[in-house]
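Me: I am new to this structure and would like to go through it slowly, one question at a time. Could you show me the sequence and the model before we start?

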Amino acid sequence: MVEPVLQISNLVKNFGALRATDGVTLDLRPGEIHALIGPNGAGKSTLIHQICGTLRQDSGSIRFAGQDIGSLGVADRARLGLGRTFQVSSIAPDFSGLRNVMLAVQAKQGSSFRFFKPVMRDMSLINTAMAMLERVGLTARARIPAAELSHGERRQLEIAMALALGSKAFLLDEPMAGMGPEGSKSLTRFLDTLRQEAPILLVEHDMDAVFALADRISVLVYGRIIATGTVEEIRRDPTVRTAYLGDHA
Amino acid sequence: MTLALALEQLLNGLQLGVMLFLMAAGLTLIFGVMGLINLAHGSLYMVGAFACATVAAWTGSFWIGLIASLAAAAAAGAIVELVVIRRLYDRDHLDQVLATFALILMFSEGTRWLFGSFPLYLDIPPLLQGAVALPGGTEYPVYRLAIILAGAIVAFGLYLLISRTRLGMRIRAGESDREMIGALGVDIRTLYTVVFALGAALAGFAGAMVGALQSVQVGMGEPVLILAFVVIVIGGIGSIKGALLGALLVGVTDTMGRFLLPKILALFVAPAQAGMIGGAAASMLIYIVMAVILAVKPRGLFPAAHA
Amino acid sequence: MILTRENLINFILAAMLLAVPFAANALGQPFYSTLATRIAILALAATGLNLALGLGGLVSFGHAAFFGIGGYVAGILAAHAFSGDPLLFGLSGSKQMWVIWIVAVIVSGLVGLAIGAISLRTSGVYFIMITLAFAQMVYYFAISWPAYGGEDGLSILVRNQFPGVNTMRPLTFFLICYVVLLLALSLFALIRASRFGTALQAARQNEVRVATVGIQPYRIRLTGFAISAAVTGLAGALFADLNRFVSPSMLSWHMSGELIVLIILGGTGRLFGPLAGAALYVIFEFALGGLTERWQFFLGLILLVVVLFARGGLLGLLAGKAKHG
Amino acid sequence: MKKMLAAATLALSMSTTGMAFAEPLKIGMITTLSGGGAGLGIDTRDGFMLAIKNAGNKDITVVTEDDAQKPELAVQIADKMIQSDKVDILTGIVWSNLLMAVAPSAVAQGKFYVSTNAAPAALAGANCNKLYFNAAYQNDNLHEAMGEYANKGYKKMFILAPNYPAGKDSLTGFKRYYKGQLAAEVYTQVGQTDYAAEIAQMRASGADGIFVFLPGGMGIAFMKQFAQSGVKIPVMGPGFSFSQDVLPAIGDAAVGAKASGQWAPDFDNAASKKFLADFQKEYNRLPSIYAVQAYDAAQLIVAAASKASVKNADAFGAELKKADIQSPRGKFKFNTNQHPIQDIYLTEVVKQNGVITNKTVEKIFADHGDAYAKDCKI
């Protein structure tokens, strides 16, 4: 068996009396899309926060790229190659899309403490960033302030930034949310090719997309993983059907 | 140093803390509900003191003056809220700092315009004059005990207001979720005006109470404003409980520092030197305490829900 | 450089400031050189703050601390040079401006690093208040520390020297300050366009985004804050030489407030915002002060109107919305 | 008889000053007219302008500007007055720290500075200047007088001042003359308004007298709090602690306090009576000591200008130094360092016809100069 890129073991997080993450064990293998589904309030966001480091787990371990990252900060985990997108797009709104991606490129180059050379004349930044924007199809909109981009375009921009980081794994938090049917379709096509680059942990409510993309699915309910398996296994799993899927299956 | 002196100093620290609480309560309430940082709070304190001194001079009664101070500060607060402050709720803290800094300039110079440049006379009411004997053989001013009592009543009153009344329920709702309260059908604009006026009235009350003991003059609000900010930052901005504990902590630390630091230093250097260096250290002490607390707990001792 | 409307206005502003002292000299009104120098120095101080506040979004309500520290560096070095007493570790004082500038930049930068290291753990209102508290700490220290004059301050009897020129001539001293200001503005422009500036501005707009690409916002901000402190400290050293005097009032919280006011008046985060703001402020203060004893009232009123109704400041009115790459 | 003579000389000197000057005179007054300390600046301006008005001379112009008690603003105004308004003499600054910012550079530019109040030791000794005159006192004087007074009957003094140079000068001045024992020497924060901790220490100290130097609002706060504390130890201080600008605000709590001063409203000489009457008529309030000092500064300038041109610095300075005026203080002359030699009195705060004011008790020092004059080489 191949060594997983991301390995979460027995993760526990309590908020007072509420156990938001209850012994979660989960892995992400090279080349796969692993979807994480579950009803609202199941603890998906809490889990994502712990993986990227905005929340610290109470116990359990998170290994990424062969290293225990459970006590690292957000930036350190990102530098190791954990790329992510947000439920509500997170971009620098005053900057153009290009400069947003250039920020990621300079971070990847590890060179944010250069004070004098103008970035807008720095071809090593611009060319790389433009290449990323081209991959997500934003070339034409590269010089527009990010605040003026549409919802879907911002999502694409976030993905371009994650690509620019040369991520070893992608953590995508509801990328389809708020996209129209057309947008969902093209994003689905794009993610399908993205898995060749690095595996994806996909948190998503859009079951059509999940079933179209996922190699494996894990179902999170009340902070616990109640089932993990292929699309077919999950469709057939009776506990999942009663707990969550209902009429979807 | 006797035990009686140490106890008296502790009482002094408590009393200074209570004075700061009166000021800090309104400040933290306004921040908690509206998310507004109000540098002009010290000006409302000054308005209260001037109203009390003026009305007390006309009528000969401190008590009528005290009522006037509440009314004047509340009215000034309501007017300021309606004309200026309500345009600032959606702004960032930078704009709020600046606009209320501008208000300080206007209040200070405007007050001088109306009342002249000389300090006003405001004396302690006859009922509260003089000192009473304390156990241990020292005496303590009745008025300072009255301030401690007034602070305790205000703290308890705020507790009741917030936990037991409709207004308090709306305030709590406003603190936790601003959109929610609008959805509940509460007229949020009126609520904000009322809360701001309430905070202003608290500041005015503090100004009148303290004015009788100190000096009623233009600019009197500024030193206490900065101390009040130290208090609410230590306590956790938006938290009334934090303001109370922060105020007591600052009051006791400041008083004990002024009292003990020179004495401790006198063990090592000449008395005059000890007095100067100790005095310098004492004046920096509360800021050091604040820095240490924020270094360990960046959102104060009792962080509110949002800040 | 591309000739945008903003660049044109910036150029006119810089040219006007330069013209004032020459005109003043020609008309036999050297005082206006002093006024122009004051504008240049305050603009320099505010340019420092603009790095932290405008680019980094760090609302420091304690920059008077760095301004005053720079001033005291100038005062103390000059006092030691005058008396001949060694300063520290046998080093002597200095009357040379460039020595003073280097020391002022280093000392205020280091203090900025220390204050920033603690303050940047907080954010929002807490950051505003903790920076204020640190400045108050320095202020009370300066008032009660007797060695350098305490509240009475410290006089610099003869303005410090610069090789090859007579700094006592108002026009000469103005030109020195003007050049330093232009250098600082260039530094600001370079930093704003650089990789570091990109990260600093991104941290203002979206802290989470910066961390998500693997850059520690704390380190970026701390560096920005220290550079900001150093530039404001340099302005403090020049201000001390302008007045030939330093006192704790340079450290007071009103000074911190005024520095913020300058930036807002001119336009937050704009390259020439501090200069436009400083010019407006000094002109207001001077013109209103001559008209009425109640000038502080009207100054407050004008400020209030600017904050409420003219949000982009002067440059926002003249040059429109700020553009970012 | 003596009084009548004094009145006659006064009338005579008035008439001489009414004459045209050799050269028009322009005076720049920088004082505090806004902010917390504006009361002192307004009394300074009013006292000064009263003497200018009395002189009735059209050759004098006075430009007045507000320094808002900020040193850097004072410097800016001074530069403007010297460079643009072309004033000959600067005056009016209330505070030592502002004076230190303005006076040394003004005299370095060849302008006269006549101080109406602030008198830091730094300008009285080795750094004295022949263009710098002080019409008020030297900062230490009134504290020295209280030290001298405390020698009579006080064995253990508790002394207190704010932690800034004027405060340190104050206690140094007091100790220079006081020979008894010190119960404690306490420095408080500048601008402090609550003195409970210090009053508690006073109560516990076993002192038989208390000397406080707390100008302005600090003094108001201290005296009100002290009166409520039940502590019965007598309080004394320099004149500014109980001057007319703060007495109405302290009220009855001040009655009985002893202070030192060069002047009090009950002075029994013609110049004082005239000054008091004129001031009350003009401004409808009692003048403070700041008004008297400024009034004398203006008189000094007018007197010198009637004899010599201000453009001739040596001659004008010599005329100033003669101090040919009728001061409400009575005797007044300049020491070698151009600071006053004058009598200093003990005053007591009393309530007369409902007005709280100072009453003269006795003379403490006759012809008192200062400790720094010996270092001054003019």
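**Chains, contacts and local features**

Reply: Buried residues make up 57% of the 307 residues in chain B. Please keep in mind throughout that this is a predicted model.

Me: How many helices and how many strands does chain B have?

Reply: Read from the N terminus, the elements of chain B run α-α-α-α-β-β-α-α-α-α-α-α-α. Counted by kind, the helices of chain B number eleven and the strands two.

Me: What radius of gyration does chain B have, and what would a compact globule have with 307 residues?

Reply: The C-alpha trace of chain B spans about 65 × 50 × 35 Å along its principal axes. A compact globule with 307 residues would have a radius of gyration near 19 Å, and this agrees with the value for chain B, which is 20 Å.

Me: Among contacts in chain B between residues at least 6 apart in sequence, what percentage join residues at least 24 apart?

Reply: Contacts here are pairs of residues whose C-beta atoms, placed from the backbone, lie within 7 Å. Taking those in chain B between residues at least 6 apart in sequence, the share that joins residues at least 24 apart is 77%.

Me: Which element gives the most to the side of chain B that touches chain C?

Reply: This contact takes 37 residues from chain B and 35 residues from chain C. On the side of chain B, the elements that give two or more residues are α4 (93-115), α9 (221-235) and α11 (271-296) of chain B. With 15 residues, the element that gives the most to this side is α4(B).

Me: And how does that side of chain B divide by class?

Reply: The side of chain B that touches chain C has, by class, four charged, five polar and 28 nonpolar residues.

Me: Which element gives the most to the side of chain D that touches chain C?

Reply: Here 25 residues of chain D are in contact with 23 residues of chain C. The elements of chain D that give two or more residues to this side are β2 (60-66), α3 (71-83), α4 (96-108) and α6 (165-177). By class, the residues of this side divide into ten nonpolar, eight polar and seven charged. With seven residues, the element that gives the most is α3(D).

Me: Is α4(D) largely enclosed by the rest of the structure or largely open, and why?

Reply: A residue counts as buried if 20 or more other C-beta atoms lie within 10 Å of its own. In α4(D) the buried residues include D:S96, D:L99, D:V102 and D:A106. Because eleven of the 13 residues of α4(D) are buried, this helix is largely enclosed.

Me: How far apart are the domain centres in chain A?

Reply: The domain assignment of chain A gives domain 1 (1-81 + 168-249) and domain 2 (92-166). The contact takes seven residues from domain 1 of chain A and six residues from domain 2 of chain A. Taken over C-alpha atoms, the centres of the two domains are separated by 26 Å.

Me: Is D:N353 buried or exposed?

Reply: D:N353 is placed in the loop between β12 (340-352) and β13 (355-368) of chain D, and its phi is near 50 degrees, a positive value in a residue other than glycine. Because D:N353 has 5 other C-beta atoms within 10 Å, this residue is exposed.

Note on methods: Residues are numbered from 1 along each chain as its sequence is written. Chains are lettered from A and ligands numbered from 1 in the order in which they are written. This is a predicted model: local features need pLDDT of at least 70, side-chain atom pairs count only at pLDDT 80 or more; totals for chains, interfaces and linings use all residues. Two residues are in contact if their C-beta atoms, placed from the backbone, lie within 7 Å. Helices (H or I, at least four residues) and strands (E, at least two) are DSSP runs, numbered from the N terminus. Ala, Val, Leu, Ile, Met, Phe, Trp, Tyr, Cys and Pro count as nonpolar, Asp, Glu, Lys and Arg as charged, and the others, Gly among them, as polar. A residue is buried if 20 or more other C-beta atoms lie within 10 Å of its own, exposed if 12 or fewer, and partly exposed in between; C-beta atoms are placed from the backbone. The radius of gyration is taken over C-alpha atoms; the globule rule is 2.2 Å times the number of residues to the power 0.38. Domain bounds come from an automatic or database domain assignment.
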